[in-house]
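Walk through this structure with the text below.

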Amino acid sequence: MSIVPTVTGPVDSSALGRVLVHEHIFVLGEEYRQNYADWDEDAHVDDAVKQLDELHSLGIDTILDPTVLGLGRYIPRVQKVAARTELQIVVATGVYTYNDIPFQFHYHGPGLMFDRPEPMVELFITDITEGIADTGVRAGFLKCAIETPGLTPGVERVMRAVGQAAVQTGVPITVHTNPHTGSGLVAQRVLAEEGVDLRRVVLGHSGDTDDLDYLTELADAGSFLGMDRFGLDVLLPFDVRIDTIVELVRRGYRDNIVISHDAACVFDWFDPDDNERVAPKWNYRHISEDAIPALLAKGLAEDDIDAILVRNPRRYFEDNSH
């Protein structure tokens, strides 16, 4: 057992219950919002509470929210939501970039104009051990990304800082990957070089492919496969996502599977009307209402669902072997 910090306080890992491992609440560029957006804070908080309460009523107990620097993390707003819902929320620290790092880190670090130890590592560790800003909310996991541009200097620097912070604090990691470029394998290599236990890593968005050779290679190295974009049928159809999970379970990889939607109450990258037209099932309800019944209908047992939703996320936070 391990203690996991949630927005409203620490809980034992055994109390996480059913977990969706990759859900945002607000993906919201704060600089853009303050200058250009028509924003009603109270209305959006109310809507988030309503959506998370609905998710909780469908049997989900906890979500992991990997909204970090680069995605608009603002913990005071999340605290308003968490205070009004029974759903447990675990937040992350890290940096989300596909290419360059934020300018706040461009000139400070090893070998740079202001030569010093990697400042991101210190910031991540502070978020984990002391709390984020002055909120008192501690991050429960780390987040980085590697996308189509590949292992750019900025992406590699963030990933290595995340790896170093994970080794020093013992918290797990989620990586945004693009399975079509094989970037999960690159992330595993870099993180392993930093001493990370790959059994404590979720390779996010692995569910966007049905390439079983690729997925089993990732799983054989010990990592969790993030089958975590249910509802984004535009990237891979629902039936294919289901069949891929069923086949992975059949091949003995049940204990490497975690699931989620990668949904949000507010996602300012997209127009809500476009979301509804292109991805009408991209919401917090889809797994409970559609994916779990489909997995059971395809032959998975209730114990398989329990492993995917309860035992695997719990083990992600616990420093022991698979």
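The largest cavity has a volume of about 70 Å³. A cavity here is a set of points on a 1 Å grid over the protein atoms alone where a 1.4 Å probe fits but cannot get out, and a volume is the space filled by probe spheres set on the points, joined across faces, edges and corners. The structure holds one cavity of 30 Å³ or more. This is a predicted model, in which local features need pLDDT of at least 70 and side-chain atom pairs pLDDT 80 or more, while totals for chains, interfaces and linings use all residues. Residues are numbered from 1 along each chain as its sequence is written, and side-chain values use heavy atoms, without hydrogens and water.

Lining residues have an atom within 4 Å of a point; among them are Phe26, Asp65, Arg73, Tyr74 and Val91. Helix α3 (residues 75-82) gives the largest share of this lining, three residues. By class, the lining has five nonpolar, two polar and three charged residues. Ala, Val, Leu, Ile, Met, Phe, Trp, Tyr, Cys and Pro count as nonpolar, Asp, Glu, Lys and Arg as charged, and the others, Gly among them, as polar.

Elsewhere, helices α8 (residues 238-250) and α10 (residues 286-297) have axes that come within 10 Å and cross at roughly 55 degrees. Helices are DSSP runs (H or I, at least four residues), numbered from the N terminus; axes are lines fitted to C-alpha atoms over the stretch in contact, and angles run from 0 to 180 degrees between N-to-C directions. The two helices α8 and α10 are therefore oblique to each other, a class left over once angles under 35 degrees (roughly parallel), over 145 (roughly antiparallel) and 65 to 115 (roughly perpendicular) are set aside.

How values were computed. 1 Å grid on protein atoms, 1.4 Å probe; cavity = no way out; pocket = protein on both sides within 12 Å on 5 of 7 lines; lining within 4 Å.
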